[in-house]
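Trainee: I have a new model open and would like to walk through it with you. Could we take it one question at a time?

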Amino acid sequence: MSKTRVTSEEALAFHLEPTPGKFEITATVPMTTQRDLSLAYSPGVAVPCEAIAENPETAYDYTNKGNLVAVISNGTAVLGLGNLGALASKPVMEGKAVLFKRFADVNSIDIELDTEDTDAFVDAVKLMGPTFGGINLEDIKAPECFIIEQRLKEQMDIPVFHDDQHGTAVICAAGLLNALKISSKKIEDVRIVLNGAGAAGIACLELLKAMGAQHQNCIMCDTKGVIYQGRSEGMNQWKSAHAVATDLRTLEDAMHGADVFLGVSVKGAVTQAMVESMAENPVIFAMANPDPEITPEEAHEVRPDAIVATGRSDYPNQVNNVLGFPYLFRGALDINARAINDEMKIACAHALANLAREDVPDEVALAYGKNLTFGRDYIIPTPFDPRLIYRVPPAVAKAGMSTGAARRPIIDMEAYELSLKSRMDPTASILRGINTRARANQARMIFAEGDDPRVLRAAVMYQRAGLGKALVVGRDEDVKAKLLAAGLEGADREIEIVNAANTLHLETYKSFLYNRLNRGGFDAQDIHRLAARDRHVFSALMLAHGHGDGLVTGATRKSAHIMDRINHVYDADIANGAAGITALLHKGRIVFIADTLVHEWPDEEDLANIAERAATVAQNMGLEPRVAFVSFSTFGYPVSERAEKMAKAPEVLDRRGVSFEYEGEMTVDVALNLRAQASYPFSRLTGPANILVVPARHSASISVKLMQEMAGATVIGPILAGVDGSIQICSTVSTANDILNMAVLAACKVG
């Protein structure tokens, strides 16, 4: 799998546009009328103030405290970059804040404290306690991080959690539980070697000991070798707690006969000889980032029986903190916890381990392009498993309740799980899944319009994101000049520039095209002009002959012109059932509008075809299709001949015996709103529709553009479906990012 390449320019642009930083604050209450302002501020706000003064617990009812976490750092250990200081750590802390929101719907604010004084840091955080429901400490160097966390835990009545320590420990523990299950070993019996006696390493060992690992069976190593009883060099109180009575002195000595290796150290710290000396079915968690202590390939070369995990997403079994901290805090916040204790962390680890043993949902398998089953290459769930949000927090909450950490125990756990399911935005998982599939497919993507700077930026992003090979249709010198003007000097050496002048296949293309078009009034000269001079036709010919896997075009010409050109090479018209499906993403919902590209005024047979094409697109994107044929009437009222075909289209699908849900005709509110649907209990839809088949292309255009302009919906498409080749057509107002999204869809063969 190709490794993602991120350039400095791209990273800076990502943080600069559309506005500086990575998140903003939005109001959750109306703020439009004078009455709204009077309730939100003076005089209305006085009432909850008095209620909280009388009973502090009500702060969780009347303020955002119960769903607000502070991500706090002083920048003394930023990623792998060292002590960059408080201000330079802000991008990382903002990133952590948006991960909280993305994965567990936890609101989060980043706070950077400009001090290396432990007392000052502790005092500052402690004084902010009333604001937050929890504190996530981040990127603070050892040993200060131990002191700070311990003192804050003692002095504050809300969870304080240093993710660099405990987040890694929880995911590591989850993976180890499953690795030992596969190896038929028990945690009480195994010999564990840890390399890297920093915050994460010490936390890993402490949690595993809390889960049953025996002190004498755990050997901790640092840069000076084994931490043994009596060692004085390079020691501190936290290392001393894990010193054992042993004659072993080096990592190499310790690895001999070990069952488990845990690495939070540096690239190359472990040799193949060390792995070879380990016990049967060794477990190797090489978690150094960005490069592991030993790669899975190197380990398996000498020990095929090894179970290997790393911190990297391009290998199986990624130890990824995002599987832990969002859900730990979600569960802790929902019981208004006083702390996150060991029992809650262990419950989180067991919930993650159990999840990996179950059948993997279709959308996860679809995202990976393969079926994942519990075993040596799948011992830890993937970060976008949709079950995480409603499986892990309840386990954490139950542990918190049983250990007295909960201020407000959850009474109805079933209702709680249902509420967690409704919290998450499905569109994020869908888009992430599509990107993962695209990366796995490594498609050679043809970008037809190599003279447009937006297209060139998208092509370079596609290549650098590790999605596959970008093939740009254009003239060498022109492409190089435009890349230079766009600040992408040298990118021409990364992408491949193709045109009629440098291809070896032009005669083959012309022969193919002549055989298709010669009875349509095209002579040999016309064919040469089309194949050699029209980039849309040339690109389609490349795709048709397998010289690329997908095609993106349309940024520079209207879609009608593009469709005309593509039809010279492919059957992409009404007669062959082609359709354009546009995805609208808005407030956590995804709705497809069809047809937005091909059919001007479809009849009932066309409408049924469109519904089938749209259902395929939805399934390709991991959704269960629910089709509504929409009109201005619902089930025959008011009567109108204009709505008649919308009522007949479901009858066509009845005869075809399709496998997805469909119903109509109906108004948009009945299609999308559960309360409106309740008035029609006979409807075949089991929930809100996610595909709206509209009467004509003009209504499709109006619907999409109205949602885009008035509601701020994100528009993806139109997605061309029902054509033999994987072709996607952008709009002429597309940004580079829009074009990249269409390339990703083409790479996944959506539609």
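Trainee: In which loop is the place of Pro 18?
Mentor: Happy to start there, and please keep in mind that this is a predicted model. The peptide bond from Glu 17 to Pro 18 is cis, with omega near 0°. Pro 18 itself has its place in the loop between helix 1 (8–16) and helix 2 (34–40).

Trainee: And where does Pro 290 lie?
Mentor: Most peptide bonds are trans. The bond from Asn 289 to Pro 290 is cis, with omega near 5°. As for its position, Pro 290 lies in the loop between strand 9 and helix 13 (296–302).

Trainee: Let me step back to the whole chain. Why can the chain be called as compact as a globular protein of its length?
Mentor: The chain has 31 helices and 21 strands. For 751 residues the globule rule gives 27 Å, and the radius of gyration of the chain is close to that, so the chain is as compact as a globular protein of that length; its value is 29 Å.

Trainee: What percentage of the residues in the chain is buried?
Mentor: Burial here means under 20% relative accessible area. The chain exposes about 33,000 Å², and carbon and sulfur atoms supply 51% of that area. Of the 751 residues, the buried share is 53%.

Trainee: How far apart do the centres of the positive and negative side chains lie?
Mentor: The C-alpha atoms fill a box of roughly 95 × 70 × 50 Å along the principal axes. Within the chain there are 73 positive and 94 negative side chains, and the centres of the two sets lie apart by 2 Å.

Trainee: Now a closer look at strand 1. Is strand 1 largely enclosed or left open by the rest of the structure?
Mentor: Leu 68, Ala 70 and Ile 72 point one way from strand 1, while Val 69, Val 71 and Ser 73 point the other way, and all are buried. With six of the six residues of strand 1 (residues 68–73) buried, the rest of the structure leaves it largely enclosed.

Trainee: Which residue of strand 2 is the bridge partner of Ile 72?
Mentor: Strands of a sheet pair through backbone hydrogen bonds, either parallel or antiparallel. Strand 1 pairs with strand 2 (residues 107–112) in the parallel sense, over six bridges. In strand 2, the partner of Ile 72 is Ile 111.

Trainee: Which strands stand at the edges of the open sheet of six strands?
Mentor: That sheet has mixed pairing, and its order is 7-6-5-8-9-10.

Trainee: In strand 9, what is the bridge partner of Phe 261?
Mentor: Strand 8 (residues 260–263) and strand 9 (residues 283–286) run parallel and are joined by four bridges. Phe 261 has as its bridge partner in strand 9 the residue Ile 284.

Trainee: Is Asn 281 buried or exposed?
Mentor: Most residues other than glycine have a negative phi. Asn 281 has a positive phi of about 50° although it is not a glycine, and its place is in the loop between helix 12 (272–276) and strand 9. Its relative accessibility is 15%, and so Asn 281 counts as buried.

Trainee: What is the relative accessible area of Phe 635?
Mentor: Phe 635 is found in the loop between strand 17 (626–630) and helix 27 (641–656). Its phi is near 50°, a positive value in a residue other than glycine. Phe 635 is partly exposed, with a relative accessible area of 25%.

Trainee: How far apart in space are Tyr 416 and Asp 334, C-alpha to C-alpha?
Mentor: Tyr 416 has its place in helix 18 (residues 413–423) and is buried, with a relative accessible area of 8%. Leaving aside neighbours within four places in sequence, its contacts include Arg 330, Asp 334 and Pro 393. Tyr 416 and Asp 334 are 82 residues apart in sequence, and their C-alpha distance is 9.1 Å.

Trainee: What separation do the C-alpha atoms of Asn 236 and Pro 143 have?
Mentor: The place of Asn 236 is in the loop between strand 7 and helix 10 (237–240). At 26% relative accessibility, Asn 236 counts as partly exposed. Along the chain Asn 236 and Pro 143 are 93 residues apart, and their C-alpha atoms are separated by 8.4 Å.

Notes
Residues are numbered from 1 along each chain as its sequence is written. This is a predicted model: local features need pLDDT of at least 70, side-chain atom pairs count only at pLDDT 80 or more; totals for chains, interfaces and linings use all residues. Side-chain values use heavy atoms; hydrogens and water are left out. Helices (H or I, at least four residues) and strands (E, at least two) are DSSP runs, numbered from the N terminus. The radius of gyration is taken over C-alpha atoms; the globule rule is 2.2 Å times the number of residues to the power 0.38. Buried means under 20% relative accessible area, exposed over 50%, partly exposed in between (1.4 Å probe, protein chains only). Accessible areas come from the Shrake-Rupley method with a 1.4 Å probe; for residues, only the protein chains shown count as cover. Lys and Arg count as positive and Asp and Glu as negative; His and the chain ends are not counted. The place of a charge is taken as NZ of Lys, CZ of Arg, CG of Asp or CD of Glu. Two strands pair if DSSP finds at least two bridges between them. Contact means heavy atoms within 4.5 Å.
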